[in-house]
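Work through the exercises below with the coordinates open. Try each task before reading its solution.

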Number of protein chains: 2
Amino acid sequence: MVEVPVVRNILEANDKVAGELAELYAEKKILCLNLMSSPGSGKTSLLEKTLADLKDEFNMAVIEGDLQTDNDAKRVAATGAQAVQINTEGGCHLNSSQVKEALNHLNLENLDILFVENVGNLVCPAEFAVGEDHKVTMLTVTEGDDKPEKYPLMFHISSVMILNKVDLLPYVDFDLDKARAHASKLNKDIEVFPVSCRTREGLDDWYEWLRKARAAKK
Amino acid sequence: MVEVPVVRNILEANDKVAGELAELYAEKKILCLNLMSSPGSGKTSLLEKTLADLKDEFNMAVIEGDLQTDNDAKRVAATGAQAVQINTEGGCHLNSSQVKEALNHLNLENLDILFVENVGNLVCPAEFAVGEDHKVTMLTVTEGDDKPEKYPLMFHISSVMILNKVDLLPYVDFDLDKARAHASKLNKDIEVFPVSCRTREGLDDWYEWLRKARAAKK
């Protein structure tokens with residue numbers, strides 16, 4: 001009986017701080033993207049490519065969320081971007097207060113794009129906004145084309161679905177049209193980018209979307 | 001300030017009902033396994049193979065947990081096993097009360113093995129026991145060999161780690177020894193079974209473990 005109202009309080013408190021962060025990003029003209037997926041879908045790999053390929057074009061920073069380890073922050077920092085790691089110590093998602101605290105460790109002046117890489121989890125992070133302009137969800141072709149249908153909230157609220165590891169398509173049963181149709185049914189405006197971080201296939205389309213989203217924020 | 005004690009109450013309430021379920025399984029000599037993984041790691045595929053291959057040996061039933069859809073219950077029911085679907089309507093894990101309710105829809109007489117297929121999530125289900133004798137965690141070689149290190153609780157508390165999709169090993173960067181070493185560091189007794197539900201490689205080792213676990217319950 002006590003669970004529902006308390007969860008609602010936690011979500012309301014999270015939304016309040018997320019609203020403050022959205023105002024801060026608007027004031028400083030920073031595009032903030034909340035990057036989410038299951039564990040191992042390639043969020044960090046996508047960031048490594050994006051940060052390296054666009055480093056002469058944009059000033060970018062990353063907040064990394066993980067239960068444990070600072071492996072991911074080290075990987076993205078190797079590209080030269082600013083990076084800060086949040087360890088949730090078992091927590092299943094990032095919340096807006098954790099992100100607010102992490103911002104104290106970043107230089108926000110002249111920052112163009114802030115990526116928040118969430119904990120690997122296709123469920124819980126969907127409910128906790130962190131002030132982002134867009135949610136970007138990754139799915140891999142090895143996870144199965146039924147995942148938008150089975151994890152609907154995540155795809156319903158995302159502006160972009162990145163379908164990673166398309167280089168593995170010949171070796172798995174994955175119907176790209178079916179995955180796209182499921183996602184579009186949940187969210188008619190969702191943009192779908194099939195990519196391979198390994199072969200670089202499709203990354204240019206993602207970068208083009210990023211440029212437009214960044215331009216819209218100025 | 002209110003979050004921690006409330007979470008603790010929820011966990012205590014869950015453990016209480018899980019204890020009742022464990023007593024019921026002991027009384028009826030049913031082996032209960034809680035099957036967990038990220039979305040798309042192949043939990044349902046493993047069950048399809050296991051239920052079909054061992055159907056003359058054991059009387060088995062499945063409780064399926066998903067946010068939405070009854071696709072998985074239909075897939076496992078096609079093998080002839082008893083199956084019941086729990087839709088969590090967005091909830092990120094199964095809890096023991098949901099499993100207790102689902103048991104009303106199964107015939108437990110002469111049942112040898114009950115599989116509980118949890119919501120696809122490598123974080124939250126780890127904290128909610130459902131009366132199981134063992135937790136069995138699946139990981140795929142496409143998710144990366146760093147996952148035990150990054151999602152430690154799940155591997156710390158599991159009796160078995162099934163490494164699925166080994167047929168894709170030639171196409172991904174995955175160090176099996178590294179994944180095994182990380183998991184063993186978290187849990188020195190964990191049993192590791194590399195398998196491919198697609199090619200059937202390694203399934204016999206899993207079946208042999210299942211037979212021993214079942215025999216120990218009698």
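**Conventions.** Residues are numbered from 1 along each chain as its sequence is written, and chains are lettered from A and ligands numbered from 1 in the order in which they are written. The model is predicted: local features need pLDDT of at least 70, side-chain atom pairs count only at pLDDT 80 or more, and totals for chains, interfaces and linings use all residues.

**Exercise 1.** Describe the contact between chain A and chain B.

Solution. 
- Apply the contact criterion: C-beta atoms, placed from the backbone, within 7 Å.
- Count 34 residues from chain A and 34 residues from chain B.
- Locate the elements of chain A that give two or more residues: helix 1 (3-28), helix 5 (147-150) and helix 6 (152-156). Helices are DSSP runs of H or I with at least four residues, strands are runs of E with at least two, and both are numbered from the N terminus.
- Sort the chain A side: 15 nonpolar, 11 polar and eight charged. Here Ala, Val, Leu, Ile, Met, Phe, Trp, Tyr, Cys and Pro are nonpolar, Asp, Glu, Lys and Arg are charged, and the others, Gly among them, are polar.
- Compare the sides: 100% of the interface residues of chain A are also interface residues in chain B, so the copies meet through the same surface.

**Exercise 2.** Work out the strand order of the sheet in chain A.

Solution. 
- Pair two strands if DSSP finds at least two bridges between them.
- The seven strands give an open, parallel sheet in the order 3-2-4-1-5-6-7.
- Check one pair: five bridges join strand 2 (residues 60-66) to strand 4 (residues 113-117) of chain A. Within it, Glu64(A) partners Glu117(A).

**Exercise 3.** Which residues of helix 2 (residues 43-53) of chain B are buried, and where do they point?

Solution. 
- Lys43(B), Thr44(B), Leu46(B), Leu47(B), Thr50(B) and Leu51(B) qualify.
- Take the directions from the helix axis to the C-beta atoms. They cover an arc of only 155°, which puts these residues on the same side of helix 2 of chain B.
- Their packing partners in chain B include strand 1 (31-36), helix 3 (71-77) and strand 5 (134-140).

Note on methods
Contact = placed C-beta atoms within 7 Å. Buried ≥ 20, exposed ≤ 12 C-beta atoms within 10 Å, placed from the backbone.
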